[in-house]
Every structure is written in C-alpha cells, then in structure tokens.
Amino acid sequence: MREALIISVIFHAVIIISGIVGLPLFNRERPTGLKVIPVEMVKIANVTRLKAQEKKPDQVARKKGLSRKKALKRQVEMPPPPPQLASDMPLPTMKAKPDFKQKPTKAVRTAINRIPKITPKNKPRRFNVGKLAALLDKRAASKPDIIKRLTNKKFGNEKVISMVDVRQQSLTIANAVNKYIYDNNCWNVPAGAKGAAGLRVTIHIRLDPEGKLIGLPKVVGSKRMNLPGQEFFRTAAESALRAVLKCAPYNFLPRDQYSLWRDMEIIFDPEYMLNG
Amino acid sequence: MELHVRLVKIWIIFVGVMLVSMVQAVTIANARIVVDINRGHANPLPIAVANLLGDENNIISGGSVNDYGKRISLVVKADLVRSGLFRTVASSAFIKSGNERENLLNPKFDNWKAIGAQALMNGSISVQEDGRLKVEFRLWDVLAGRQMTGFRYFTSPKNWRRIAHLIADAIYQRLTGESGYFDTRIVYVSESGPATHKIKRLAIMDQDGYNHEFLTDGKNLVLTPRFSPTAQEITYLSYNNNNPRVYLYNIDSGKQEILGDFPGMTFAPRFSPDGNKVIMSQAYKGNSDIYVMELTTRKITRLTRNSAIDTSPSYSPDSRYITFNSDRGGSQQIYVMDADGKNIRRISFGKGRYGTPVWSPRGDLIAFTRQYKGKFYIGVMRPDGSGERLLSESYFEEGPTWSPNGRVIMFFRQQPYDKNGRGGETHLWTVDLTGYNEREVITPLEASDPAWSPLIR
C-alpha cells in the first residue's frame, strides 16, 4: 500500500512537473532576432521640465577660449525658433503701432511676405455660427468611423491575454462587419417575406488573411431551404448569401487579428425590417 | 500520513489550475465572431433579362422567331418592373463576349457582376414541326454562379404574351418566395358616354391591360363583377328591365346563367374561397342584411338580422370568418363575424367612414376604403383591427381587389370635376403593400369596379 502510494505520488509529480516545465515550451515564442530599442539619455531637468540657466555667449567663449564674435556666430547656428503662427501676427488691416526704432529682421520680413493677403471679404471671423454645431458636438472628433478605427488600430505585437480582450475585439470586428454590410447596400431584405419571425438566417463564412471568402458561404441548417413550404426561408437565406457575396472581400479587417475573424457567423434577421 | 494529505492537496490545486488554463486556452482558440444584422435595405433587385435567342431567318405569322423572343423578354421585364421589387439592367450595358448560344448554359458571371446584375434570365425560342413555339428559359444567381430555376413551354404563337407572364411568375416566385400574379386577368366595368347617361359594359383584360375584350354589349347596366377564386367564372349584377339579377358567367365557355331572382335589391355578390357559395347583401323593405347562397342547392341563408345597413361581405381565405361594413354603431364601420353569422365584432375605430372590406388571399390583412374629411383612402388593417395603414389617397377612390398573392391592391379612382363640369374620369390603379409603388392600369375607356382573377390554370 505504502509502495503503491509512493509510486503514485512520484508518477503524478513527474506528470505535473513535466506539465509545468514542458507545456509553456509549446507556447513560448521563438527568438526572432533582437529588437533595436533606441535609448535616449536625458537630463533630469528635461524630465522635470526645470531648465538649467542658459549660459551667456561671453561665458561660453571664456570657458572654451573663443572670441565673443565666434561665440555669437555659434549662437546664430543654433536651430531657429519655431515659426510664428500667422494668427499671432498683426493682420495687415489692423493698425499695429509701427516700431521705427527697431527694423524687422530678415527672418521676420520673409515670414510677413509669406502671409497671404487677406481682403476684408474673406477676413476671418472670430465667431463662426456655422461651426457652432461642430463646437458643441465633439462626438465626430472623439469617435471616428468604426471601420477606420479598426483599420488604423495598431495591434502590433499585442498578445491575446484574456477572454475579456477577445470579447472586446470580437465585438469591435462584429460591429465593423455589420456597418460595412449596411453601408455598402449589400443586404436587400426579401420583400415578399411572410412570417418574418422564422426567417432568421445564419451564414457561416471562412476568410483568408486578405479578407477574401474561402469557398462559398454556408447556410447553417441549409436542409430547411429545400423543404416544401419553406420558400420564404429559402428566399431569406438566398438574400443573405447574396449579401455576403456582394460585400466580399472584407479587406478592412485587421490582419494581425486574423485568428479571430477567420471563421465568422453572420446572422441576418429581417424581423425588425418587416415588422418594425 | 500528513505528508500524503499535503501532497494530494497540492496535486488537486495543480490539476485544477491546469484544467482552468487549458479550458480558457481552448475557448479563446475556438472563439468565433458572431455578427448580428437586423438592418438592411428594401431596394429593387437588379436583374438582367436577356432576349430569348431565336432564328432571325425563320419567319412565322407576326414576325421572325427571334422577334417573338424579344417581345417575350420585353413583357417579362415590364411585369417585373411593375411589381416594384425588381430593377432591370439596361440591355445596352450587357457585355457581349463569346458565342451567345454557348453562353446560354454557361453564362460569364463576371460580366454580369460587372454591370451590377444579381440575377440573370436567358433562354431560347424555336418553332416545332407542328407550328407551336418552344420557349425555354433559365434563371441564374449571378453572385453564387449557379442556376436557380428553368422551365420549358410549348404554345401556339398567339399565346406568346401568356408565356411571358408565366416566365415572369416563375422568376418572381423563385426570387421572392411567394407566388406571382402576372398570369392573371382583370374583369371590370367599362364606362363611356356622358356622366348622366353612362354606358356600362363588362370587360376583361390581362393584368397589364393587354388582350382587352368586352363581355356585355352595354344595353343593361352591370355592377360589381367578382371572380371565382377557383375557376374562370365571374358573378355580376345586371339590371334587365329594371329587375336586378345576379348572373354567373363562365369566361372559358362563354356560358351565362342566372344565379337567382331575389326580392328587393341585391348588392356585391362575392364567392366563398372554395367557390361553392356566393355571399351578398340584400335590401328588403328598406333593410339591408347579409345572405349566403349554396351554388349547388341554391339554398339561401340569412346571416345578419339588424335594422342597420349591412353590406360588402367578404370571406376570410379559410372560410371561417366574414368581414362586412355596417352602420349599426352610428357610422359606417368594418365588422367581422363567424361564417355562421355569430360573434359579430367591430374592428375599425378610426375617424371617418370605413367601407368595402376585402379579405386578403393571404389572410393576414383586410383592405378597405376610408372616407375622412372630404378625401378617400385605400388602406389595410389586420383582421383584429390593429396595424391600420393607408396606402393611397385621392378625391375619390374605392373598390379594392387583391392580387392572388395578396401583395398588390387594384382599385378605381375618379378625378375631380373642374368649374366647367369637365373631368370626373374614372380609371384603374394599383398600389402595393408598401404604398410607394402606385401605377395606373391603362384601359381603352373609363373603368371602375375591378376584380382580380386567380392565377390562370
């Protein structure tokens, strides 16, 4: 009994250890070369936004043994200051008090010449009534089109780490497919349908990484299509198939999420359209 | 022993953790996106109807065989477009490539896709040795690249329009799931002459207005023609020497018989769905009630007994109920009762007057005429009175009749008179259940009181 127990414990321990040690190996990412990560050395002052006091050219010159003239030249060679915004400049129609004492520098003159001449007709208004809606409604700016968001989204080397993430990403993709099919007029609801409550059609599609259909889409429960008295269901199923075929390819789907959208089920439910 | 218990505990925890991890991993790997779509569009389906290919050099009466093919295709197109559910792709956009005969069985779907067609009809026409036309067509699903249906018909050349309607019905049925209504006829009252002395003749035509024929000579006033739902027979009311009689007329044989002489005035005779009874209203001593007559025994049964005016009875498709209009509640409204005259209940409660209820062949709706604030409307409601929808509106319109598939309603509409007393013409119109597809049916003279036939067998 004792021997058997010891053997059993040892045997189970071996399985558990091999499981703990061995299983992660299958899932471990293979080395794919080192990533070059640029590291920038920054002063603590830059991080804390506290600027050290700038040294005067004279001080620099004295320290490096340069003459004052050379030090000034070096200062001129420094990167130019950011260009002045046109809106901050005095408009030609505005009567700015001329400063005769100090002539404008060459850079300022060039900048002034670049400013387009504004006639009173297209003089910018400080308050534009037409843009009031845009000022009030910030949704468009904060929430762009779902398909664009999906296309622009950089998933990079993100890893699926939890079911919550999977569900969120699946929802985003499902919403995008829904919108895409609607926006492109792909689904024409069968007009003659009677008994819309029983006309819910599920289509299973398989896509390649380019978003193209692999084979023809399949109607789940397609046997019903050929049963007598199911003409309306057949029509509904065929309209759903046409919708899926017309909208292909689905090339807006994020390729790095391919494992999520490789197989999809699209449910077409005309009840809301026919009875709503 | 304590060590043993600890080891077992650790073992259970490890196994539990591993199982949970594995289940989660498997679930994530098998997660399938489900897209739920409940918004779509109700646009007409784009269909390409190609001309039926025939021999241009084979001339028969009325033109070459190829000409017949073109004519049939044109009628098919017209039928489909009139339904409002289809949009035909212009033939000038067709991409021609390869041998047209070979393409009949192997259409180049990419070419049809490129011009936006989602369905394609093609076919051929030829003449048999016995002089009959052989017409065959196929309907293709362009996007799926497969045949949906196909038929072959044999007929004499004079029936070419009927073949076109049959093809249109087959296409309509295959693409919508409901039976078509193109191979049908309309019987109506043709009117001519001044308003005070109108000559009213019974006339019949195809549902698209072609093959028009007068059935009576106009000597006697005719009213309320109604088709039998099972045979090519009509009932109508005719005044002979100011004596109203209900007649039964067989269109195929041309035979006419008197259904009965009834005391008093008889209105609106209408067949039961099985064609074995005729239901009507009869005015006797100033009181109108609903009566039903067995056609085989000629036995008459009174269904309503009320001092009010009960008229315009119509059976439900299952023959279990009858709808009619009555002013027993103070104003003219629509009522439904059991087929034996019991359990009478009012179903219309809107403002104005409701009349001429007609039960849909599908059984789900009742069409009616509503008069409110000086205007007339054609509308539909469910048999329990809910879901009332008004489909059309004008100065005066009345007499709805259903297409056999219960999707289109035909009625007559009268134009208003102008200051000089001109105008007032009546014509036939159709409107579908959406209310958007309203079209006039062209008749040679003025027309009123239409009745739609069942599909011709």
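**Reading a two-chain predicted model**

Modeller: Welcome! Let's start with chain B: the centres of its domain 1 and domain 2, taken over C-alpha atoms, are separated by 37 Å. The domain bounds come from an automatic or database domain assignment. This is a predicted model, in which local features need pLDDT of at least 70, side-chain atom pairs count only at pLDDT 80 or more, and totals for chains, interfaces and linings use all residues. Residues are numbered from 1 along each chain as its sequence is written, and chains are lettered from A and ligands numbered from 1 in the order in which they are written.

Colleague: Thanks! Which residues belong to each domain of chain B, and how many residues of domain 1 are in contact with domain 2?

Modeller: Two residues are in contact if their C-beta atoms, placed from the backbone, lie within 7 Å. Domain 1 of chain B covers 45-176 and domain 2 covers 185-452. Here 5 residues of domain 1 of chain B are in contact with 7 residues of domain 2. Helix α2 (residues 65-83) of chain B gives the largest share of the domain 1 side, 3 residues. Helices (H or I, at least four residues) and strands (E, at least two) are DSSP runs, numbered from the N terminus.

Colleague: And how many residues of chain A are in contact with chain B?

Modeller: There, 45 residues of chain A are in contact with 32 residues of chain B. On the chain A side, α9(A) gives the most, with 9 residues.

Colleague: How many bridges join β3(A) to strand β1 of chain B?

Modeller: Strands pair if DSSP finds at least two bridges between them. In this case 5 bridges join β3(A) to β1 (residues 33-37) of chain B, and the two strands run parallel. For example, A:I267 has B:D36 as its bridge partner in β1(B).

Colleague: How should I read a nonpolar core?

Modeller: In soluble globular proteins, nonpolar side chains tend to be buried together. A core is a set of buried Ala, Val, Leu, Ile, Met, Phe, Trp, Tyr and Cys residues joined through C-beta atoms within 7 Å. The largest one has 129 residues, of which B:I72 and B:I167 touch the most other members. Not counting residues up to four places away in sequence, B:I72 touches B:I167 and others, including B:L52 and B:W160.

Colleague: Is B:Y239 buried, partly exposed or exposed?

Modeller: Buried takes 20 or more other C-beta atoms within 10 Å, exposed 12 or fewer, and partly exposed lies in between, with C-beta atoms placed from the backbone. B:Y239 is partly exposed because 13 other C-beta atoms lie within 10 Å. This residue sits in strand β13 (residues 233-240) of chain B.
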